Amino acid sequence: MIHATGPPAARSHDGDDKHDGDDEHDGDDKEEGCQMARRKIGKRARLRLLVGVVGAVVVAGATVLGVTAWGEPEERAVTMDEASRLALSRLTLYQASPAAVVLTAAEGGGVQIRVEGVVDYRTRRGVGRYQVSGASGQLDHGLIIWDGDGLGLAPEPAGSGPAWEQAEHVPRSGWSPRSYTADPLDAGLGLLVRLGADRPDNPLLLAQSGARLLGRDRIDGRDYDRFSGPRAQGAAPDGGPSPLTYWVDGAGALRRVTMRMSGLGTPTTVDLTGRQDGVRMPEAPWAAG
C-alpha cells in the first residue's frame, strides 16, 4: 500500500479566477480563462504541479459523487480480514490491467481538470484525454500520456476514436513532455500509475501502520468498504490519518481512491472502472532514440 508523505506549503489562488459577471466582459473572461488554462496545461508554459501524496485527510464518505452510505459502522482499526483485502487490492488491480480510469483534480479558483483514460500496470503507463473547465465552461483539452516519471501533452488530432488510438498518430515531436512538479493533477497521475502491483502488500504491516475502516458505501450498485491507508513510515502512533482513502469490495477489488491535499477543500479522486481490453500504449515520448 502506498504511504503518504508530508504536506508541502499550500498554493495560493487568491483572486485567480474571480469574474465580475458583467455581460460586456464575457469575451474577455473567456479569453483570460483560456490563457490561464494554457498556463496550466499548454505547451509553452509549465504547470506548477505537484509531486507526492500530501495533505491532511477529511473522510470523503457520502460527500464523494456517486457514493451512498449504508450500514455505517463506527470508525476503527482494520481487522486482519479487512487488512488482507486492502493488501490484495493492488494485485487485483494489476491483474485487471489495462484498467479504465477517471481522475478529477481541483486546481483551486473553480478550475477543475478531468482525465479519462487507461493505465497499463504492467508497463506503468497511462494514456487518455484531459479537459480543463472553469466557471465559464471548457478552457482547454487534449491528449495526455504519463508514467512514473512525468507526463506528456499534445493537441487532440482531428477525428474520433479512443485516446490511445489517437495518441498513436501523434509523432514524438508532437508531445510536450515534462517531469512531475507540484499541483493536484501531477499528484493524482503519480499516485494513479503506482496503485497496481504484481504482488499483494503485507496485511500485518498494513494493520500495524494505522489502516482503518472508515465506513461502508455503495457505488454503482455495489458495496465497498472505505479504508484510510497506512500512515507515513515513522509517523507517531497518535498522528493524523493518511490523506489516502480506498474503496475496496469483498473480493479485494479497488474501485476508488481519494487524496486530500493541504489548502484544497476538494480531494483528488481516482475512479477505476474495469478492464479495458485491446489497448496499445503509445511509445512516445518514452521511446528511446
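# Strand pairing, burial and backbone in a predicted model

Tutor: This is a predicted model. S6 and S7 pair in the antiparallel sense over four bridges.

Student: What makes S6 and S7 a pair?

Tutor: The cut-off is at least two bridges between two strands. S6 and S7 have four bridges, so they count as paired. Three residues lie between S6 and S7, and the two strands form a hairpin.

Student: Which other strand pairs with S7?

Tutor: Strand S8, residues 176–179, pairs with S7. The sense is antiparallel, and there are four bridges. Leu151 stands opposite Arg178 in S8.

Student: How do you know that S7 is mostly covered?

Tutor: Five of its five residues are buried. Gly150, Gly152 and Ala154 point one way from S7. Leu151 and Leu153 point the other way. Both sets are buried.

Student: Where does Asp147 sit?

Tutor: Asp147 is in the loop between strand S6 (137–146) and strand S7 (150–154).

Student: Why is Asp147 called buried?

Tutor: Its relative accessible area is 12%. Buried means under 20%, so Asp147 qualifies. The C-alpha atoms of Asp147 and Gly190 are separated by 7.5 Å. Along the chain, these two are 43 residues apart.

Student: Gly190 is in H4. Why is H4 called largely enclosed by the rest of the structure?

Tutor: Because 10 of the 11 residues of H4 are buried. Among them are Pro184, Asp186, Gly190 and Val193.

Student: Now the loops. Why is Arg124 called partly exposed?

Tutor: Its relative accessibility is 34%. Buried is under 20% and exposed is over 50%. The value falls in between, so Arg124 is partly exposed. Arg124 lies in the loop between strand S4 (111–120) and strand S5 (125–134). Its phi is positive, about 55°, although Arg124 is not a glycine.

Student: Why is Asp220 called exposed?

Tutor: Asp220 has 65% relative accessibility. The cut-off is over 50%, so Asp220 counts as exposed. Asp220 is in the loop between strand S9 (212–219) and strand S10 (222–228). Asp220 also has a positive phi, about 50°, and is not a glycine.

Student: How do you know that the peptide bond from Ser97 to Pro98 is cis?

Tutor: Omega is near 0° for that bond. Pro98 lies in the loop between helix H2 (80–95) and strand S3 (99–108).

Student: How many helices and strands are in the protein chain, and what share of its residues is buried?

Tutor: There are five helices and 13 strands. Of the 289 residues, 51% count as buried. The chain exposes about 13,400 Å². Carbon and sulfur atoms supply 49% of that area.

Note on methods:
Residues are numbered from 1 along each chain as its sequence is written. This is a predicted model: local features need pLDDT of at least 70, side-chain atom pairs count only at pLDDT 80 or more; totals for chains, interfaces and linings use all residues. Side-chain values use heavy atoms; hydrogens and water are left out. Buried means under 20% relative accessible area, exposed over 50%, partly exposed in between (1.4 Å probe, protein chains only). Accessible areas come from the Shrake-Rupley method with a 1.4 Å probe; for residues, only the protein chains shown count as cover.
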